[in-house]
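Have the viewer open and follow along.

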Amino acid sequence: MLSLTDITLTFPDGDGRVTAVDRANLEVARGTVAGLTGPSGSGKSSLLAVAATLVQPDSGRVEIAGVDATSVSQKEAAQLRRERIGIVFQQSNLLPSLTAREQLLVMGELDGSAKDKAARTRAADELLGIVGLGDHRESRPAALSGGQRQRVNIARALMGDPAVLIVDEPTSALDRARSEEIIGLVVDLTRDLGTATLLVTHDLALMPRFDTTHQMLDGALTPLTESETPAGVPGVPVSG
Amino acid sequence: MFLAWRDMLFARGRFALITAVVLLMTLLIGLLSGLTGGLAQQNISAVQALEGDRTVIAGETFDESELSQSQVDAWEDAEAVTGVREVGILRFQIDPADGDSSGDAADADADDESADEVPTNDGDASEEDAEASGSGLSASLFGGTEDSPSRDGRVRLSPSAADDLAVTDGDHVTVLGIDLTVEVLDEDRWYSHTPVAYVTMDDWREMELRLGREDVAATALMVDLADSADAEAIDGLADETSTTASGSLSSLMAIGSFRSEIGSLLMMVGMLFGISALVVGAFFTVWTMQRTGDIAVLKALGASTPALLRDALGQSLMVLIAGVGGGIALTTALGLGVSGVVPFVVTWYTTLLPAALLIVLGLAGAGFALRSVTRADPLTALGSAR
């Protein structure tokens with residue numbers, strides 16, 4: 001699971017510091033998706049960065065699948081991201097020179113952990129099949145649509161069999177139908193693979209799809225109430 | 001090199017271009033190195049073949065060196081010296097026996113002043129003489145060396161000199177009116193861009209006499225030192241005798257033409273090495289900066305900086321090996337093709353050494369680009385910054 005306890009994060013701002021995240025608490029259990037929304041500049045990405053071990057909080061505790069990731073070194077944080085955290089970027093951020101399959105294999109190759117190449121290739125092909133790109137394994141990003149690129153992005157995040165999945169506004173560049181598809185895919189994979197998924201989105205209409213929902217306002221993390229979700233969307237689950 | 005190799009295939013045009021640039025730079029450096037080596041060989045090979053712990057001359061260069069008998073005696077009598085061999089060097093024209101020697105002994109005897117106009121330290125004058133005669137050859141006559149003939153009246157010629165004079169073993173040539181029987185050496189020896197002919201020390205002295213230089217005992221001394229000899233004592237002896245004593249390498253700088261050529265040629269080679277490093281460094285700096293976003297993504301996904309550095313350096317190494325390898329192969333082929341026509345040396349120090357230096361300097365240049373790898377911030381992969 002992912003556990004953020006009393007997280008505070010500040011950034012330099014002129015002579016002083018600005019508080020991006022203010023004593024935030026969040027727990028995401030295995031096999032569940034926590035949706036996080038909020039206006040631009042509210043601190044969503046900062047919280048996501050803390051959860052992804054890309055930045056260390058000023059105070060508080062970050063726990064990734066039982067491992068205290070609060071004050072790990074950069075090297076240890078990189079290892080955590082490699083082994084326990086999957087990140088789905090807002091832009092697909094695929095490497096232009098690699099095929100869809102190679103996007104999934106590159107991390108293992110770079111760090112020399114790809115001892116059983118055949119097994120990793122099979123795993124990559126299986127994941128690409130799960131995200132519906134079984135026929136596009138050899139396609140480079142330029143030959144894929146936006147939705148397909150985002151599917152590769154998701155498959156790449158899952159390649160290391162992560163305990164925690166961090167998803168950063170995966171539908172911001174997609175139309176409604178594609179957004180629904182992608183969110184559905186993330187939710188289904190979270191259930192199937194048992195990851196603890198934290199997903200950031202601006203799209204309140206997607207909130208009913210998640211197990212718990214939260215919003216950031218000026219650095220403060222609060223549960224998202226039913227009244228704050230779009231009308232006509234029934235059964236919004238609200239975090240406690 | 002998983003990513004490096006795929007990046008190269010993906011951007012094959014750009015990498016082909018930089019590989020071609022490295023290849024051409026290598027070719028340029030290889031050709032210049034080969035030519036430098038060839039020109040150096042044509043300057044120094046005869047001096048290199050002289051044996052001794054120290055080379056003693058009077059003055060700065062071999063050409064201006066005229067050792068007197070008292071100077072020779074002083075070195076022979078020195079405690080630290082176990083052996084002294086006198087060497088005579090004379091740059092003059094060799095003529096076939098039936099040719100018309102411009103340095104005829106009669107002329108030299110008759111007119112000392114005109115003989116002095118054929119100075120030992122002026123190769124151009126000798127060449128002019130050679131051209132005037134039509135069949136003679138401007139050469140450097142070495143007396144008293146290990147390669148000199150054992151009997152007076154003989155001359156041992158470099159093969160190319162024998163070819164130029166159209167003589168072979170047993171034929172006769174003349175120098176300053178002295179008739180000499182030809183023996184042809186197995187390999188060419190050169191001194192100051194002239195082919196070398198070896199004579200006995202007595203014949204060399206006779207030639208000096210015919211040029212009116214009666215007081216010259218030798219041009220140089222090849223000195224063997226006792227094990228106990230210290231450098232200070234040798235320097236002191238050199239000062240006392242108004243001579244200079246240098247080791248085998250530094251003695252090469254006493255060849256005037258070598259000293260003047262090698263500096264400028266090596267400077268050119270050095271500048272080309274520097275330019276190569278800059279070109280490779282500039283390419284990989286721009287290339288890596290273009291990839292900063294991708295590197296940030298890989299770091300966000302958990303790639304370690306050392307792994308990314310290995311990949312980036314591996315990419316540089318592949319470009320350098322391909323470019324430098326191709327360039328050296330081309331240099332070797334061209335060098336072997338022209339080595340009979342122009343002074344060109346194909347050996348490890350004109351091929352493998354520049355190749356290794358180019359790769360090391362290229363990697364150093366590419367190393368500057370690695371700052372972009374180490375500085376790439378994985379945090380920038382989040383959000384819509386890319």
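Let's begin where the chains meet in this predicted model: the contact draws 27 residues from chain A and 23 residues from chain B. Sorted by class, the side of chain B that touches chain A holds 14 nonpolar, 4 polar and 5 charged residues.

Now for α12(B) and its partner. Helix α12 (residues 305-338) of chain B packs on helix α13 (residues 352-375) of chain B at an angle of about 150 degrees, and their axes are 9 Å apart. Angles over 145 degrees count as roughly antiparallel, so that is the label for α12(B) and α13(B). The crossing of α12(B) past α13(B) is right-handed. Among the residues making the contact are B:Leu313, B:Leu317 and B:Ile321 of α12(B), along with B:Leu363, B:Ala366 and B:Leu370 of α13(B). The residues of this contact split into 17 nonpolar, 4 polar and no charged.

Next, the nonpolar cores:

| Core | Size | Members include |
|---|---|---|
| Largest | 106 residues | A:Val50, A:Ala51, A:Ile166, A:Leu198 |
| Second, separate | 60 residues | B:Val84, B:Ile89, B:Ile234, B:Phe344 |

The four residues named for the largest core are those that touch the most other members. The largest share of that core, 7 residues, comes from α12(B). What does A:Val50 touch, leaving out residues up to four places away in sequence? Its contacts are A:Leu4, A:Ile7, A:Leu9, A:Val21, A:Val55, A:Pro57 and A:Val62.

Terms used: Residues numbered from 1 in each chain as written. Chains lettered and ligands numbered in written order. Predicted model: local features only at pLDDT ≥ 70, side-chain atom pairs only at ≥ 80, totals over all residues. Axes fitted to C-alpha atoms, helices over the stretch in contact; angles between N-to-C directions. Helix = DSSP H or I, 4+ residues; strand = E, 2+ residues; numbered from the N terminus. Parallel < 35°, antiparallel > 145°, perpendicular 65-115°, else oblique. Left-handed = near helix turned anticlockwise from the far one by under 90°. Contact = placed C-beta atoms within 7 Å. Nonpolar A, V, L, I, M, F, W, Y, C, P; charged D, E, K, R; others polar. Core = buried A, V, L, I, M, F, W, Y, C linked by C-beta atoms within 7 Å. Buried ≥ 20, exposed ≤ 12 C-beta atoms within 10 Å, placed from the backbone.
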